[in-house]
Amino acid sequence: MRPTILLLLLTSSICFGQSSKGTLSDIKNKYQLIRELLDSNALRQHHIEYSCEDISEKGAYTLYYNSSELKHINHTYMQGHVKYRDEFYIWDDELFFHYATHKIWYKDYERNRSGKRQMINVTLTLEERFYFKDEKIIKCQFKDFENRSNKPKIKTNYVRNNNIGCDQAQNALDKFHFLLKYKEIKAEDACNLPRSITRSEPQDHIFINAGMN
């Protein structure tokens, strides 16, 4: 490869890296600003709670506005032993960050120091993060960790994110656009809200982590 071509490729790579770093920094700043507004209860809220008998689900859906501008959507719901949370962070009517968590509860058995078999409670947490610029995906991350009732609690801040493929990013955008179309949804229609995306089936994680696979 010619030195001139190599230099151009290297320069392009450096510029892209700097641009990506600046974009992520901008996303972080916008996220922190919205979180400060949320934590200080400075945003107007539209909140509904609902239940869906057909799928034995209960949920809550909240829209947060700064004046008339939508800044945040929070959708939580529970199916069986799995609790889902979808959070959408919005700037100028565009999604710039999507955060999803799944918490799965189940019971497992372990032997204590005396060799006696005991039942413990386990919470498996899965988290997904999608970063957007002009509604084009620029980064995707995933993490999972579990807390067992017989061990010290693990917090998400101490678990490293893993960069992953972004094949689910379009699903996040589709959900966001659906929610934008039906902003002031009524409780009787909330069962039609789009549900959380998953990297893999929660039941598989239960079997794997409980040693039942």
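Visitor: What span should the 13 residues of H2 have, and how far apart are its end C-alpha atoms?
Guide: At 1.5 Å a residue, H2 should span 18 Å, and its end C-alpha atoms are 19 Å apart, which agrees. The expected span is 1.5 Å times one less than the number of residues. Helices (DSSP runs of H or I, at least four residues) and strands (runs of E, at least two) are numbered from the N terminus.

Visitor: What kind of model is this?
Guide: This is a predicted model: local features need pLDDT of at least 70, side-chain atom pairs count only at pLDDT 80 or more, and totals for chains, interfaces and linings use all residues. Residues are numbered from 1 along each chain as its sequence is written, and side-chain values use heavy atoms, with hydrogens and water left out.

Visitor: Back to H2. Which of its residues are buried?
Guide: Ala169, Ala172, Leu173, Lys175, Phe176 and Leu179 are buried in H2. Buried means under 20% relative accessible area, exposed over 50%, and partly exposed in between, with a 1.4 Å probe and protein chains only.

Visitor: Where do they sit around the axis?
Guide: On the same side of H2, because they cover an arc of only 160 degrees. That arc is taken from the directions from the helix axis to the C-beta atoms.

Visitor: What do the buried residues of H2 pack against?
Guide: They pack against strands S2, S3, S4, S5, S6 and S7. Contact here means heavy atoms within 4.5 Å.

Visitor: How many residues are in the largest nonpolar core?
Guide: It has 31 residues. A nonpolar core is a set of buried Ala, Val, Leu, Ile, Met, Phe, Trp, Tyr and Cys residues joined through side-chain atoms within 4.5 Å. Tyr61, Ile73 and Phe132 have the most contacts inside the core.

Visitor: Which parts of the chain supply it?
Guide: Strands S1, S2, S3, S4, S5, S6 and S7 and helix H2 each supply at least two residues. The largest share, six residues, comes from S6.

Visitor: And what does Ile73 touch?
Guide: Leaving out residues up to four places away in sequence, Ile73 touches Tyr61, Thr62, Leu63, Asp86, Glu87, Phe88, Ile90 and Leu179. Apart from this core lies another, of 10 residues, with Ile34, Leu38, Tyr89 and Tyr99 among them.

Visitor: New topic. How many salt bridges are there?
Guide: The structure holds nine. A salt bridge is a side-chain nitrogen of Lys or Arg within 4 Å of a carboxyl oxygen of Asp or Glu. Asp26 and Lys30 form one of them, at 3.2 Å from N to O.

Visitor: How are those two placed in the helix?
Guide: They are separated by about one helical turn, because they are four residues apart in helix H1 (residues 3-39). An α-helix has 3.6 residues a turn, so residues three or four places apart point the same way.

Visitor: Which other pair in H1 is four residues apart?
Guide: Arg35 and Asp39 are also about one turn apart in H1, and their side chains meet in a salt bridge at 3.0 Å, N to O. Arg35 is partly exposed at 23% relative accessible area. Asp39 is exposed at 58%.

Visitor: Is Arg148 buried or exposed?
Guide: Buried, with a relative accessible area of 9%. Its side chain meets that of Glu146 in a salt bridge at 2.8 Å, N to O. Asp108, Glu110, Glu146 and Arg148 are linked in a network of such bridges.

Visitor: What about rings? How many aromatic pairs are there?
Guide: Seven. Rings of Phe, Tyr and Trp (its six-membered ring) pair if their centres lie within 6.5 Å; planes under 30 degrees apart count as stacked, over 60 as edge-to-face and the rest as tilted. Tyr31 and Phe97 are edge-to-face, at 5.5 Å centre to centre and 80 degrees between the planes. That pair links helix H1 with strand S5, 66 residues apart.

Visitor: Which way is Phe97 set against Tyr131?
Guide: The planes are at 45 degrees and the centres 5.0 Å apart, so the pair is tilted. Tyr131 lies in strand S6, 34 residues from Phe97. Ring pairs link Tyr31, Tyr89, Phe96, Phe97 and Tyr131 into a cluster.
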